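Please open the structure in your viewer and keep the selection tool at hand. The stops below are meant to be taken in order.

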Amino acid sequence: MSNPSSDASPQRGALASAMAAREGAGPVEWSIREGLTPYVQAVAAMEARADSIARGEAPECVWLMEHPALYTAGTSARPDDLKDARFPVHATGRGGQFTYHGPGQRVAYVMLDLKRRQPDVRAFVCALEDWIIATLAGFNVRGERREDRVGVWVRRPEKGAGAEDKIAAIGIRVRRWVTFHGVSLNVEPDLSHFSGIVPCGISERRYGVTSLVDLGLPVTMAEADSVLRGAFEQVFGPTRPAG
């Protein structure tokens with residue numbers, strides 16, 4: 001499904017071939033939350049749901065939402081990478097470094113039981129990349145993975161030799177083989193808000209951030225959600241509306 005470039009990792013790119021749930025596991029609940037959801041509230045609900053999934057008391061689920069403008073610090077975050085704390089900063093248990101969330105960015109919290117799929121964290125990260133790459137392909141955008149940079153990237157030759165922009169970030173946590181946290185796709189966020197941090201610890205000037213709208217695509221959040229769902233089902237299997 002993905003179309004990695006020659007400097008991508010063929011090893012990691014081949015990992016996600018078995019992320020569909022085993023037969024009889026049931027579809028994944030798919031829920032879209034309207035408005036801006038406070039980050040602390042979202043994390044508390046997500047952790048509670050992940051625990052319920054681990055106990056076998058709730059189905060797997062994906063929650064799509066937007067947050068008010070904020071920065072999150074992953075478990076590898078370096079204090080010097082917070083350049084301007086203009087928005088609230090939340091320490092979080094996901095992997096990775098500093099990232100930004102805010103209006104116009106679709107955050108997808110992914111709570112899957114890897115025991116029902118493939119108990120391999122690297123394969124799961126690869127599958128998340130495949131999901132975003134397939135979503136971007138739905139808008140005729142070529143997203144690519146990089147061996148040394150988690151997330152999904154878009155080449156920007158018009159910005160100079162070797163220039164690439166990150167369009168989606170990935171940060172996860174796994175507890176009792178249930179995943180939580182997930183991915184964020186830049187649909188139409190204010191890209192200037194990323195300047196308060198070194199996004200994901202990547203400071204080279206040739207690497208920046210972009211969004212679908214920044215790439216010249218007037219995509220609405222509803223359109224992004226529809227394509228995200230179809231691409232998710234290609235990688236992880238069927239979904240059903242929550243409720």
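Begin by selecting Tyr39, Ala42, Val43, Met46, Arg49, Ala50, Ser52 and Ile53, which are the buried residues of helix H2, where buried means under 20% relative accessible area, exposed over 50% and partly exposed in between, with a 1.4 Å probe and protein chains only. The model is a predicted one, in which local features need pLDDT of at least 70 and side-chain atom pairs count only at pLDDT 80 or more, while totals for chains, interfaces and linings use all residues. Residues are numbered from 1 along each chain as its sequence is written, and side-chain values use heavy atoms, with hydrogens and water left out.

Helices (H or I, at least four residues) and strands (E, at least two) are DSSP runs, numbered from the N terminus. After H2, select glycine 56, whose phi is positive, near 80°.

Next, select strand E3 (residues 70–73), from which Leu70 and Thr72 point one way and Tyr71 and Ala73 the other, all of them buried. Strands pair if DSSP finds at least two bridges between them; E3 pairs with strand E5 (residues 98–101) in the antiparallel sense over four bridges, and tyrosine 71 has tyrosine 100 as its bridge partner there. Strand E4 (residues 89–91) runs parallel to E3 and is joined to it by three bridges, with histidine 90 as the bridge partner of threonine 72.

Finally, select histidine 193, in the loop between strand E10 (178–186) and strand E11 (207–209). Histidine 193 counts as buried because its relative accessible area is 18%. With contact meaning heavy atoms within 4.5 Å, histidine 193 touches Ala69, Tyr71, Arg86, Phe87 and Tyr100, not counting residues up to four places away in sequence.
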